[in-house]
Amino acid sequence: MCGNNMSAPLPAIVPAARKATAAVIFLHGLGDTGHGWAEAFEGIRIPHVKYICPHAFDIYGLSPEAEEDEAGIKRASENVKAMIDQEVKNGIPSHRILLGGFSQAAANSPNKDMHVLQCHGDSDPLVPFVFGAQTAEKMKSLINPANVTFKSYRGLPHSACPEEMIDIKRFIEKQLPAVSDE
């Protein structure tokens, strides 16, 4: 989406336009910054939702045999937990916090009741489309299959498109509707 500065230690934040009653923590992938994703979320802003865009972890390869950045994955997990804890302290209930991500950052730990929107371009030269389809099938074996939606986008490479951002906005609005006291 934007830039290639992986040295930015703080996540990019898009504050809610009014009182935040929900939050989306959206991890971005390797070679990107949270600022590009923050710009994308400003384009689909939902007034009561705060967006937090931190970096995830590094990858060493895309084959099943590739070494994993175990320390980075652990660190990212701890950082996400700390962000969730901070948002709860800020008054947002944990059930009103969504986790999301782009590329390898989308690999969040599932629970049985969670809802998943997985999007993938069918022309992705970096992460083959078949990997996305296999991931969706694996998610269906881990959680309620009816809660998993896999959307593909014709001609989309390893990036996001307006149609996908609209689908993401609809998903967030469904999962995190406005509450009556806003």
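Predicted model: local features only at pLDDT ≥ 70, side-chain atom pairs only at ≥ 80, totals over all residues.
Is glutamate 137 buried, partly exposed or exposed? Glutamate 137 counts as partly exposed, because its relative accessibility is 49%, and the cut-off for exposed is over 50%.

1. **The partner of glutamate 137.** The side chain of glutamate 137 meets that of lysine 140 in a salt bridge, with 3.6 Å from N to O. Both residues sit in helix H3, three residues apart, which is about one turn of the helix. Lysine 140 is partly exposed as well, at a relative accessible area of 30%.

2. Lysine 74 is classed as exposed because its relative accessible area is 53%, and the class begins over 50%. Glutamate 78, at 43% relative accessibility, counts as partly exposed.

3. **A salt bridge between a helix and a strand.** Aspartate 167 and lysine 151 meet through their side chains in a salt bridge of 3.3 Å, N to O. This pair links distant parts of the chain: aspartate 167 belongs to helix H4 (residues 162-175) and lysine 151 to strand S6, 16 residues apart. Aspartate 167 is buried, with a relative accessible area of 11%, whereas lysine 151 is partly exposed at 28% relative accessibility. If you are looking at this site on screen, include Arg170 too: Lys151, Asp167 and Arg170 are linked in a network of salt bridges. The structure as a whole holds six salt bridges.

4. **A stacked ring pair.** Turning to the rings, a search of the whole structure finds five aromatic pairs. One of them joins phenylalanine 41 and tyrosine 51, with 4.6 Å between the centres and 15° between the planes. The pair counts as stacked because the angle of 15° falls under the 30 degrees cut-off. It connects distant parts of the chain, with phenylalanine 41 in helix H1 (residues 34-42) and tyrosine 51 in strand S3 (residues 49-53), 10 residues apart. Phenylalanine 41 is buried, at 0% relative accessibility, and tyrosine 51 is buried, also at 0%.

5. **A tilted ring pair.** Phenylalanine 129 and phenylalanine 150 make an aromatic pair described as tilted, with 5.6 Å centre to centre and 55° between the planes. Phenylalanine 129 lies in helix H3 (residues 129-142) and phenylalanine 150 in strand S6 (residues 148-153), so their pairing ties together parts that are 21 residues apart in sequence. Phenylalanine 129 is partly exposed, with a relative accessible area of 28%, and phenylalanine 150 is partly exposed, with 27%.

6. **Strand S6, for a second look.**

Definitions and conventions. Residues numbered from 1 in each chain as written. Heavy atoms only, no water. Phe/Tyr/Trp six-rings, centres within 6.5 Å; stacked < 30°, edge-to-face > 60°. Helix = DSSP H or I, 4+ residues; strand = E, 2+ residues; numbered from the N terminus. Buried < 20%, exposed > 50% of the residue type's maximum accessible area, 1.4 Å probe, protein only. Salt bridge = Lys/Arg side-chain N within 4 Å of Asp/Glu carboxyl O.
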